Amino acid sequence: MKPAADDARLAVTGPDPGPDASSSRVATERRYLMCPPTHFDVVYSINPWMDPSEPVNRWLALQQWQRIRDAFVELGHTVELIPPIPGLPDMVFSANGATVVDGRALVARFRYDERAAESAAYLDWFAAQRYEACQAAWTNEGEGDFLMAGGWLLAGTGFRTDRRAHAESEEFFGCPVVGLTLVNDEYYHLDTALAVLDEQTIMYYPAAFAPDSQEILYALFPDAIIATDKDARAFGLNAVSDGRHVVLPAGAAGLTAQLRERGFEPVEVEVSELLRAGGGVKCCTLELRHPAEAELAPPAAAELTAPAEAGGLSVVVTTVASDSHSWNLVYLRLALTELGHQVLNLGPCVPDELLISECLRVRPDLIVVSSVNGHGFIDGMQLISRIRGCQELAATPVVIGGKLGIAGPAGRSRRNQLMAAGFDAVFEDGTGMAAFRAFTERLTMKATA
Amino acid sequence: MNVGLGLAGSFGGFVARAHQVGDLVVQPRMGMSSPRAMRAGLLATKRATATKVGTITLDSYTRTGNHDRARGAIASGVELNGYPIVAHDVSTTRGVLDGVAGPDFPVQIRHGSPCPEDIFGALIAAGLHATEGGPVSYCLPYSRAPLDASVRSWARCCELLASLAETGVEPHLETFGGGMMGQLCPPGLLIAISVLECLFFRQYGLRSVSLSYAQQTSPEQDAEAVLALRRLAAEWLPGVDSHVVIYAYMGVYPRTAGGATRLLSDAARLAVKTRAARLIVKTVTEAYRIPSIADNVDALEAAAAAAAAERRAPAACSAADTGIYAEASALIEAVANLRPDVGRGLADAFRAGYLDIPYCPHPDNAGRTRSFIDISGRLQWSAIGSMPIRRVTGATGSGELTSDGLLASLSYVERKYDDVSPDEHLDIAPMLAPAVASP
């Protein structure tokens with residue numbers, strides 16, 4: 001199958017990315033799987049965009065799909081094709097067929113019977129291509145609801161993918177899953193409300209998510225590009241990025257402007273006909289992630305510095321930048337001192353930069369972050385990524401505790417997010433000091449062993 | 001109290017009129033990030049069965065000057081722990097206040113910022129003229145900003161706020177000095193800082209101020225402290241419209257609804273008994289989370305009811321003089337004698353340890369004082385460092401609490417009001433007395 005590429009001219013918008021952002025974004029070569037819309041139709045309705053009473057223009061759909069494919073090829077990426085099957089009109093949306101990480105494919109189990117037969121086609125294709133592939137046990141609509149960003153697998157639920165599929169994916173791929181709940185049925189898949197631009201950057205439409213998911217997204221990606229209602233309606237978030245070029249549905253003016261401002265090169269393509277089935281650029285594109293050519297050796301765990309004194313640790317006690325409370329810090333300093341540790345109490349409102357520079361100076365055996373103002377979760381997520389991003393502190397034990405959200409203890413999900421982000425332990429309000437003491441004892445024994 | 005200023009339509013004037021007819025003004029600490037919720041909160045406050053004023057409490061990002069992060073949070077739909085008045089534009093805030101705030105319902109901005117230029121600018125632009133804080137009280141316990149920088153910033157902010165008087169409404173500024181560290185600061189130092197910060201406000205042109213005092217561990221000691229504060233205000237702030245505001249307990253709060261309500265009622269009784277004019281409430285959910293609008297309204301009405309009951313059947317206010325007035329006077333005089341300029345006097349006083357907040361880890365605080373709760377439940381000094389109050393306090397030790405002792409002290413009020421069994425009180429009591437070394 002070799003569709004002609006000659007008639008398609010890319011609507012590459014904005015050749016001038018601006019004075020300071022032009023060269024900062026780096027594209028990496030990608031491999032995508034697409035399915036031609038040979039049998040595309042709207043004969044049933046499984047999302048609010050689908051209206052079976054209006055006939056589709058299959059020729060126009062094919063033109064639009066072709067432009068997407070050509071855009072990828074012109075940008076230097078490889079596009080593989082899976083043969084379309086008659087009677088499966090939505091198979092053009094290959095993103096929903098599987099999630100592929102490190103050459104391993106977890107094939108979809110569709111929510112609606114109308115699409116169930118697509119799974120077998122994907123299983124066959126992956127087997128023929130010698131991928132390690134298996135079908136998900138729980139309802140799982142592939143990259144429709146699972147997107148890789150910065151070592152996280154962002155996972156949507158609410159309309160299609162079962163929450164239990166999140167745990168299954170975490171186990172299958174061995175990478176941390178961040179569960180996100182969708183609440184607006186126009187944005188029924190994660191990839192209709194959020195796009196990954198590079199390892200650190202996403203763009204998304206907050207109103208498509210439940211409040212706790214909005215909080216998580218803000219904590220993980222404070223610098224995200226935020227889509228307006230209009231951008232989201234234009235399906236502008238159903239986009240594919242190679243780290244520099246972002247192929248997205250035309251009409252999301254707010255997003256293209258912001259992308260350009262941030263040094264990305266938006267490539268707008270018309271998807272009006274595909275959108276009649278609730279699909280855009282991303283829906284037509286499944287990324288095939290292969291193992292990296294040369295596996296990087298994991299960084300050697302930094303040795304713990306010699307204890308402050310026999311049996312004692314050197315501990316930095318601090319809080320997050322926005323938190324002005326100090327009694328928690330005063331108490332922790334006293335309690336840790338009594339246990340024989342040397343404590344530096346940085347006091348309230350410690351900017352991330354100051355904490356890191358102090359830690360680089362004293363090289364503590366343990367960093368204790370205590371926060372009670374309700375911003376501990378979102379600020380803590382940012383703080384730990386900065387600490388872990390600092391090579392010298394990548395392996396320093398860091399724990400966080402206190403009242404971490406404005407609505408009271410949130411249970412395991414918030415704890416898991418914090419742990420996955422790099423904290424070594426989380427002591428939410430109510431956990432008590434015993435667990436914290438036990439943690440420091442274990443650390444002390446390890447340090448003196 | 002009314003000294004012939006143009007107090008019509010002002011925060012100070014509203015409180016003064018209520019005080020004249022014997023009503024205690026109650027006020028929440030409410031702050032929500034969404035303009036719609038904030039407006040709903042103000043409207044609910046306005047409808048509460050009480051003599052009340054409104055509050056917009058700001059979020060932590062705004063307090064620390066991180067407006068970009070506040071803006072990012074709003075755009076991302078994340079709820080903050082208060083209203084980001086700088087991140088929201090002026091028209092949004094005016095929309096929140098429109099038809100709500102007015103002479104019959106003054107609204108005060110509460111924040112916690114050592115360098116609040118942006119906040120003052122935003123509240124003035126929104127048409128407001130009452131706020132609170134102070135160069136010491138919003139610097140030492142709550143930030144890492146150098147005290148000098150906070151003093152300079154607050155001087156500019158006071159001048160800016162004071163200039164509103166030209167527009168015909170008398171601006172009002174409340175010192176947060178009575179709430180230093182929230183707990184475990186003996187009353188003499190609290191009321192001294194309250195008076196000193198109001199002297200600072202007056203120096204920079206403000207003519208309507210309030211002096212604060214936060215409820216502590218002993219009702220008798222609290223009553224003595226508030227009466228001393230009123231006496232000191234009369235002596236040190238003649239010609240200024242001033243009133244006393246009580247903060248319901250600011251430390252570790254009772255976890256039971258009954259305990260929380262009793263503690264709030266005691267705060268209301270304290271205010272009525274000592275003729276304080278205003279009370280800032282806490283809610284029954286304080287120990288767990290940021291209170292809801294309904295929690296706040298309940299607290300306002302409970303406090304108003306407790307105040308009314310106290311007025312109907314006043315208990316005798318027996319506040320024996322244990323030296324709080326003398327201690328505070330000594331501290332105020334020491335600072336006033338250091339420099340003619342109150343701001344520089346305050347900075348020098350902390351540098352010299354004349355003022356020294358117990359347990360406060362700020363680099364500009366000497367950190368040589370310590371306090372404890374004695375067997376009768378009163379806050380006492382266990383170490384006074386270089387503070388010039390030796391002749392009042394007599395000899396103290398240099399005792400440092402153990403961590404368990406500190407925790408017991410911090411939770412003293414919680415345990416008392418949650419009615420923990422007497423046995424448990426006995427278990428903890430020995431830890432309350434710090435080890436006292438011979439001087």
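I started with strand pairing: two strands pair if DSSP finds at least two bridges between them. Strands (E, at least two residues) and helices (H or I, at least four) are DSSP runs, numbered from the N terminus.

I noted that this is a predicted model, where local features need pLDDT of at least 70, side-chain atom pairs count only at pLDDT 80 or more, and totals for chains, interfaces and linings use all residues. Residues are numbered from 1 along each chain as its sequence is written, while chains are lettered from A and ligands numbered from 1 in the order in which they are written.

**Sheet in chain A**

I looked up β2 (residues 31–34) of chain A and found that β2 pairs with β3(A) in the parallel sense, over four bridges. Tyr32(A) has Val79(A) in β3(A) as its bridge partner. Both strands belong to an open sheet of three strands, in the order β3-β2-β16 (chain A), with mixed pairing.

**Chain A overall**

I counted up the elements: chain A has 12 helices and 21 strands. Of its 449 residues, 51% are buried (20 or more other C-beta atoms within 10 Å of the residue's own, with C-beta atoms placed from the backbone).

I then checked the contact (C-beta atoms, placed from the backbone, within 7 Å): it takes 33 residues from chain A and 31 residues from chain B. On chain B, α3 (60–63), α4 (67–75) and α15 (403–410) each supply at least two residues of the side that touches chain A.

How values were computed:
A residue is buried if 20 or more other C-beta atoms lie within 10 Å of its own, exposed if 12 or fewer, and partly exposed in between; C-beta atoms are placed from the backbone. Two residues are in contact if their C-beta atoms, placed from the backbone, lie within 7 Å.
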